[in-house]
Structures are given as structure tokens and as C-alpha cells.
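Hi,

Here is the structure I promised to pass on.

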Amino acid sequence: GADLKERAKMHSSEVSSFVSRARATINELANLPVPTIAAIDGTALGGGLELALACDIRVAASSAKMGLVETKLAIIPGAGGTQRLPRTIGVSLAKELIFSARVVDGEEAKSIGLISHVVEQNEAGDAAYRRALALAREFLPQGPVAMRVAKLAINQGMEVDLVTGLAIEEACYAQTIPTKDRIEGLLAFKEKRPPRYKGE
């Protein structure tokens, strides 16, 4: 999250600019055309959780602490939290967490759907990072164009009605048809070998 000691010294006009830049940066992360995974091994409060919410997948250690705690400071989440948290865990529960400024651990975060995976912390303190890396390795062999347009179809489709979403999916699928990777995938399947995708 933000450095609150630094924030206390800022003029109100500086705060607006700071939050605006944070929001823009987090939006850039959300719009990356590749899968993103947040690994939460420690504390993700306020802006830290907003950053994690902008990722496609979140993994946390059971001992991790997460929350949108801004109302304790008489402000609200300003870098996407009021929009991304309800889309992730549902409106009523998001309101409860934001209104109470409650901090949850990894187990509770998993039970409410805030994170996809919870792992016991290890001695090195990087259990979530290691789980995130294992997930990334599962994604790595897939066709790069397919991964990009799958993310696009999901993200855009979640903002519209089902009929429009299906049209978005159709348009995204069409982008994979003329690719060399699609032909390589079919050949590799036929030849019973791993595909060698080039993102073309």
C-alpha cells in the first residue's frame, strides 16, 4: 500500500495526482496482454491489494494479510478497489470488507474467492511466489496468440451481456484461425509431440 507517512505530508492536490498515477499504473497492469499472477507472501493492504486485484490470478500464503482498509483513514480505495473487489467476490461481501476495513488472511481470502490458491508459508517466506511460478509454468507452453485473445475475450466479455460476450469470443477466436501456431498445434497433436509455438 501507500506510504502513509509520506501521504500525511502531501498537499491535497498532490494526493489526487498521486492516486491518479497509481490508478493509471494499476490499469496498465490489468490491461497487459499476457496472464498476470499476484503472489502475496506478506501484507497487501490498500493499494497493495488493488495491485493484486488487477492481476488475473492471485495466490497467497495462509499467513498473508489482505484488505482494503482505506475507510479507516476516512478515504476510499482509489486505484480500482471499489470496482475490482465487487467483480471478484460479489457486491455485498465487497461492501462488507470495504465498510469494515477488515483484514483477512490467506485462508479466509480463499474461502471468499479473493484468491485462487492458498499455500502454507515456508521457511524462505516465498511459498506464494513458488506456487505462482508453478502456475506460470503451466501457462508457458500454450500458444501465445491464444493466451492473449483468451484474456481479451474473458475481460471484455465480463463487462457485457452474454450475447455480446459470445460475439466477442467469436471475434477473438477468429484471430487464432490464420495463425501459424494453430497449424503447429494441429501438427504437433497429429505427430504426438510437444508444439513449438512462435506467437505467429
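This is a predicted model: local features need pLDDT of at least 70, side-chain atom pairs count only at pLDDT 80 or more; totals for chains, interfaces and linings use all residues.

Residues are numbered from 1 along each chain as its sequence is written, and side-chain values use heavy atoms, with hydrogens and water left out.

The largest pocket first: its volume is about 820 Å³. Here a pocket is an open set of points on a 1 Å grid over the protein atoms alone, fitting a 1.4 Å probe, with protein on both sides within 12 Å along at least five of seven lines; lining residues have an atom within 4 Å of a point. The volume is the space filled by probe spheres set on the points. Of its 22 lining residues, Cys-55, Asp-56, Ile-154, Asn-155 and Met-158 are closest to the centre. Domain 1 (4–140) and domain 2 (144–191) both contribute to the lining, so the pocket lies between them; the bounds come from an automatic or database domain assignment. Helix α8 gives the most, with 5 residues (helices are DSSP runs of H or I, at least four residues, numbered from the N terminus).

And what does α8 pack against? Helix α8 (residues 144–157) packs with helix α9 (residues 162–176) at about 170 degrees, their axes 9 Å apart (axes are lines fitted to C-alpha atoms over the stretch in contact, and angles run from 0 to 180 degrees between N-to-C directions). The two are therefore roughly antiparallel (over 145 degrees).

Best wishes

Definitions and conventions: Angles under 35 degrees count as roughly parallel, over 145 as roughly antiparallel, 65 to 115 as roughly perpendicular and the rest as oblique.
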